[in-house]
Amino acid sequence: MSGIGESEQIARAAGGDRAAQAALVNRNMPIVFRVAYRMLQDRAEAEDVTQETFLRAWKQLPDWQPKAKFSTWACTVALNLCRDRLRKKKPVLMDELPERVDTALRPEEALASQQGIEGIAEKIAALPERQREALTLCALEGMSNIEAAAAMDVGVRALESLLARARRSLRASLGAQLDGDEK
């Protein structure tokens with residue numbers, strides 16, 4: 001499927017060309033899954049959202065209008081599906097927290113590094129939903145501001161404002177954590 005443009009590939013996929021369909025999935029599934037996973041923090045739900053995104057894509061392919069890249073459109077669908085799931089999620093209340101068992105043995109440096117990554121991921125997950133979406137698409141998925149704004153259905157200035165607020169919140173949160181660690 002290399003050597004043909006995305007529009008041609010989409011037209012072939014809409015016409016039932018299995019190779020074109022497989023190429024679209026192989027090229028776009030990783031970013032759709034990563035966006036869904038970062039939004040939902042649950043692998044199984046992210047897989048469901050990824051599958052649902054491509055099911056919707058196949059239904060829409062015959063009417064495809066090349067207003068944006070396919071990946072941008074697919075991320076928009078995935079974000080909307082994630083928003084729906086997050087709205088439907090209700091908190092699960094437990095009497096006791098389950099014990100976390102870590103059976104893997106790792107060197108201390110690897111553990112400290114992993115804790116640092118998890119700490120940042122937790123702080124990103126704690127951001128307001130729209131800020132988290134903007135940061136995920138731009139900083140973690142490498143989308144341009146124009147692509148991310150299209151995926152989120154907002155203007156570029158609104159996206160930049162969301163990014164600025166997200167970065168400011170992260171900076172403050174990480175600064176507070178560092179101050180707390182030094183004491």
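**Entry 1: terms and model**

Buried means under 20% relative accessible area, exposed means over 50%, and partly exposed lies in between, with a 1.4 Å probe and protein chains only. I am working on a predicted model, in which local features need pLDDT of at least 70 and side-chain atom pairs count only at pLDDT 80 or more, while totals for chains, interfaces and linings use all residues. Residues are numbered from 1 along each chain as its sequence is written, and side-chain values use heavy atoms, with hydrogens and water left out.

**Entry 2: the whole chain**

I looked up the secondary structure and found 8 helices and 0 strands in the protein chain; helices are DSSP runs of H or I with at least four residues, strands are runs of E with at least two, and numbering starts at the N terminus. The order of elements from the N terminus is α-α-α-α-α-α-α-α.

I then checked burial and found that 32% of the 183 residues count as buried. Areas come from the Shrake-Rupley method with a 1.4 Å probe, and for residues only the protein chains shown count as cover.

I placed Arg167 in helix H8, which covers residues 156–182. Arg167 counts as partly exposed because its relative accessibility is 39%. I found a surface patch of positive charge made of Arg165, Arg167, Arg168 and Arg171. Patch members have over 30% relative accessible area and no salt bridge, and like charges are joined within 9 Å. Lys and Arg count as positive, Asp and Glu as negative, while His and the chain ends are not counted. I took the charge of Arg to sit at CZ.

**Entry 3: Ser169**

Ser169 is also found in helix H8. Its relative accessibility is 32%, so I logged Ser169 as partly exposed. Leaving aside neighbours within four places in sequence, I found Ser169 in contact with Leu127 and Gln131. I also looked up the C-alpha separation between Ser169 and Pro128, which is 9.9 Å for residues 41 apart along the chain.

**Entry 4: Thr50**

I found Thr50 in helix H3 (residues 43–60). Thr50 counts as buried because its relative accessible area is 5%. Not counting residues up to four places away in sequence, Thr50 touches Met29, Val32 and Phe33.

**Entry 5: salt bridges**

A search of the whole structure gave me 12 salt bridges (a side-chain nitrogen of Lys or Arg within 4 Å of a carboxyl oxygen of Asp or Glu).

Arg34 and Glu141 meet through their side chains at 2.8 Å, N to O. This pair links distant parts of the chain, 107 residues apart: Arg34 is in helix H2 (residues 18–40), and Glu141 is in the loop between helix H6 (129–140) and helix H7 (145–152). I noted Arg34 as partly exposed at 35% relative accessibility, whereas Glu141 is buried at 11%.

The side chains of Glu47 and Arg43 form a salt bridge at 3.5 Å, N to O. Both residues lie in helix H3, 4 residues apart, about one turn of the helix. An α-helix has 3.6 residues a turn, so residues three or four places apart point the same way. Glu47 is partly exposed at 39% relative accessibility, and Arg43 is exposed at 52%.

In the salt bridge of Glu133 with Arg83, the closest N and O atoms are 2.5 Å apart. Glu133 lies in helix H6 and Arg83 in helix H4 (residues 70–88), so the pair ties together parts 50 residues apart in sequence. I found both residues buried. Salt bridges that share partners join Arg83, Glu129, Arg130 and Glu133 into one network.

**Entry 6: burial in H6**

I listed the buried residues of H6: Gln131, Arg132, Glu133, Ala134, Leu135, Thr136, Leu137 and Cys138.

**Entry 7: positive phi**

I looked for positive phi values and noted Gly142, which follows H6, with phi near 75°. Among residues other than glycine, I noted Gln41 with phi near 60°. Gln41 lies in the loop between H2 and H3 and is partly exposed, with a relative accessible area of 44%. Asp153, another residue that is not glycine, also has a positive phi near 60°. I placed Asp153 in the loop between H7 and H8; Asp153 is exposed, with a relative accessible area of 69%.

Conventions
Contact = heavy atoms within 4.5 Å. Patch = residues over 30% accessible without salt bridge, like charges linked within 9 Å, V, L, I, M, F, W, Y side chains within 5 Å.
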